[in-house]
Amino acid sequence: PMAEPSAPVVTADVEGEAGNVTAAVVSIDVGALLNRGGELAEAGLWLQSLRAFDSAAQAEPGNAKAHEQRAQVLLQIGRPLEAVQAAGTACTLRPEWGDGRRTLARAQLDHGEVALALSSFDAALGLLLDSGDADDARECADEAERADGIAVVTDVRQRLREAGIDPEVGGVNREPVYDPRDMRQQVYEST
């Protein structure tokens with residue numbers, strides 16, 4: 001069984017006499033909220049995780065990581081528009097952060113904004129390469145490659161529609177079948 005995730009640290013300083021509160025200062029440990037949200041996400045408890053990241057973003061609106069983590073959870077629960085907004089906030093707060101830009105690209109792709117996603121993947125890849133994060137850069141390049149394949153299929157479908165042809169007629173699976181890695185293999189085998 002999984003251990004109970006740690007609770008965020010909340011402290012309160014109360015001033016007053018004999019039970020009459022005149023002032024209270026409450027502080028929230030945003031780092032603890034982010035850790036808790038991450039633990040909950042790893043356990044697949046998406047809504048609880050979202051609440052933790054929401055609390056972190058509200059307690060510290062300038063925390064890019066809180067907004068980026070929130071965006072990832074929103075993608076998991078099928079709310080891509082909100083994910084685009086949250087990831088966009090993270091990118092505004094930390095424009096040099098490759099992981100934030102990569103999350104924005106995934107959110108844009110899930111929201112159907114393929115051209116914007118490709119642009120964001122490109123920016124993320126550049127930032128990740130600049131930071132020296134080779135593993136994340138490779139993963140980002142793979143995601144961009146898949147997004148590019150989706151863009152090709154989307155473009156073909158649009159061209160068919162413009163020609164008066166319904167791309168969905170005939171019950172044929174119209175999901176992207178083009179994988180650039182397969183194409184490279186075919187080129188190598190034919191030479």
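**Exercise 1.** In which helix does histidine 67 lie, and is this residue buried or exposed?

*Solution.* The model is predicted, so local features need pLDDT of at least 70 and side-chain atom pairs count only at pLDDT 80 or more, while totals for chains, interfaces and linings use all residues. Residues are numbered from 1 along each chain as its sequence is written, and side-chain values use heavy atoms, with hydrogens and water left out.

Step 1. Histidine 67 belongs to helix 3 (helices are DSSP runs of H or I, at least four residues, numbered from the N terminus).

Step 2. Its relative accessible area is 12%, so histidine 67 is buried (under 20% relative accessible area, with a 1.4 Å probe and protein chains only).

Step 3. Leaving out residues up to four places away in sequence, histidine 67 touches Ala57, Pro61, Ala86, Ala87, Thr89, Ala90 and Leu93 (contact: heavy atoms within 4.5 Å).

**Exercise 2.** Determine which charged and polar partners surround glutamate 68.

*Solution.* Step 1. Glutamate 68 is also placed in helix 3.

Step 2. Glutamate 68 is buried but has no salt bridge (a side-chain nitrogen of Lys or Arg within 4 Å of a carboxyl oxygen of Asp or Glu). The nearest side chain of opposite charge is that of arginine 106, 5.0 Å away (Lys and Arg count as positive, Asp and Glu as negative; His and the chain ends are not counted).

Step 3. Beyond its neighbours within four places in sequence, glutamate 68 is in contact with Ala90, Trp97, Asp99, Gly100 and Thr103.

Note on methods. Helices (H or I, at least four residues) and strands (E, at least two) are DSSP runs, numbered from the N terminus. Buried means under 20% relative accessible area, exposed over 50%, partly exposed in between (1.4 Å probe, protein chains only). A polar contact is a pair of N or O atoms within 3.5 Å; within protein, one must be able to donate a hydrogen and the other to accept it, and residues adjacent in sequence count only if both atoms are side-chain atoms.
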